[in-house]
Amino acid sequence: MQTPYYLIDKARLKPNMDKIAWLREHSGAKSLLALKCFATWSVFDFMAQYMDGTTSSSLFEVRLGHEKFGGETHAYSVAYADHEIGEVLAHSDKIIFNSISQLERFDAQSAGHVRGLRVNPGVSTSDFDLADPARPFSRLGEHDPERIATVADRISGFMFHNNCENADFDRFDRMLGHIEQRFGFLIRKMEWISLGGGIHFTGEGYPLEKLAARLKRFAEENEVQVYLEPGEAAITGAATLEVSVLDTLFNGKHLAIVDSSTEAHMLDLLIYRQSAKILPDEGPEEWMICGKSCLAGDIFGEFRFPEALKPGDRLSIQDAAGYTMVKKNWFNGVKMPSIALRELDGTIRLVRDFGYDDFAAALS
């Protein structure tokens, strides 16, 4: 198969799904796939066997979840436009407003719908200011309990989203305790509570039993249905970006240029100044893997190999499911990676290819 392409492996996806299903059984918490992280709908039929539905950040994600995934469809957006609200309501089971002003603005249209409000608890686990929902002057959710109390009779649930790449159960536990202490009197008036995503409970060694017990206790003490919104937790390790070496250079370091681009295909590497992962990353040869765009800093990272790289060599960039396909773009007109799927029996099939017509159609 011609590179570059994203390769989603069901055998690597399934362990995450098994943990999500186990957690639902032992905690009572439902899990909704966060489409902002992963929206490749060719595997939705597989994931829907283990998850309860989807949660969204926009009208188009609401429609995709409703039409392609099924189950419960939760609609959330930082702000809805007047021309969107009707379609959002038509494709969702619950609508979560980011602010009281949006709730009031669309009060009449949403009166017969299950409604919720995003609440900002003022604490988070993000190590990046860019992604910190509790950053100063944050626009993400209402933060004043007294103000929230004035509209509590118009809603039936809250959404808290303040975990980010949090693999520390004790830290999660402390933050949930903070939420209970500050907003407990309001939570007990609700029917459901979403605790958002960013909890890396499918990671190796995570104390899943402790999380299940904590979620169950929270649900029972407050008499609410708990929802989780796993994004990366659902798809961590489930896909690779398959690339080929096009050229090699030496400029103080050995450089290998591949037929892909961080700017276009793994944008978070640039945004958060992170390195890609290539395994096993061992051997005497040290090479910098570079993207093919004209951006000088289009670099995947530096890795070790058993032998010197040469044009035609194939590389597999790990962990290429989350925040990749949903962010890919046509910068420099670099060919968009195809999407391929490895079935549980090991067979690989191409599910989508992109060509010049797609590039031209994205412009005008």
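The model is predicted. Strand β10 spans residues 239-250. β10 is joined by bridges to β1, to β14 and to β11. Helices α1 and α8 pack with their axes 8 Å apart. Ile100, in helix α5, is buried.

**Strand β10 and its partners**

- Strand β14 covers residues 314-317. It is joined to β10 by 4 bridges, and the strands run antiparallel.
- Here Ser244 has Arg314 of β14 as its bridge partner.
- Strand β11 covers residues 254-258. It is linked to β10 by 5 bridges, again in an antiparallel arrangement.
- Leu249 is bridged to Leu255 of β11.

**The hairpin of β10 and β11**

- β10 and β11 form a hairpin with 3 residues between the strands.
- In this hairpin, Gly252 takes a positive phi near 85 degrees.

**Helices α1 and α8**

- Two packed helices are described by the angle between their axes and the distance between the axes.
- Helix α1 runs over residues 10-27, and helix α8 over residues 208-222.
- They pack at an angle of about 40 degrees, and their axes lie 8 Å apart.
- Angles under 35 degrees count as roughly parallel, and 65 to 115 as roughly perpendicular. The helices α1 and α8 are therefore oblique to each other.
- The crossing of α1 and α8 is right-handed.
- From α1, the contact is made by Lys19, Trp22, Leu23, His26 and Ser27.
- From α8, the contact is made by Leu208, Glu209, Leu211, Ala212, Leu215 and Lys216.
- The residues of this contact divide into 6 nonpolar, 2 polar and 3 charged.

**Ile100 in helix α5**

- Helix α5 covers residues 100-105, and Ile100 belongs to α5.
- Ile100 has a relative accessible area of 1%. Buried means under 20%, so Ile100 is buried.
- Setting aside neighbours within four places in sequence, Ile100 is in contact with Leu117, Glu142, Arg147, Ile148 and Val151.
- Ala167 lies 67 residues from Ile100 along the chain. The C-alpha atoms of these two residues are separated by 32 Å.

Note on methods: Residues are numbered from 1 along each chain as its sequence is written. This is a predicted model: local features need pLDDT of at least 70, side-chain atom pairs count only at pLDDT 80 or more; totals for chains, interfaces and linings use all residues. Side-chain values use heavy atoms; hydrogens and water are left out. Two strands pair if DSSP finds at least two bridges between them. Helices (H or I, at least four residues) and strands (E, at least two) are DSSP runs, numbered from the N terminus. Buried means under 20% relative accessible area, exposed over 50%, partly exposed in between (1.4 Å probe, protein chains only). Contact means heavy atoms within 4.5 Å. Axes are lines fitted to C-alpha atoms, for helices over the stretch in contact, and angles run from 0 to 180 degrees between N-to-C directions. Angles under 35 degrees count as roughly parallel, over 145 as roughly antiparallel, 65 to 115 as roughly perpendicular and the rest as oblique. A crossing is left-handed if the near helix is turned anticlockwise from the far one by less than a right angle, and right-handed if clockwise. Ala, Val, Leu, Ile, Met, Phe, Trp, Tyr, Cys and Pro count as nonpolar, Asp, Glu, Lys and Arg as charged, and the others, Gly among them, as polar.
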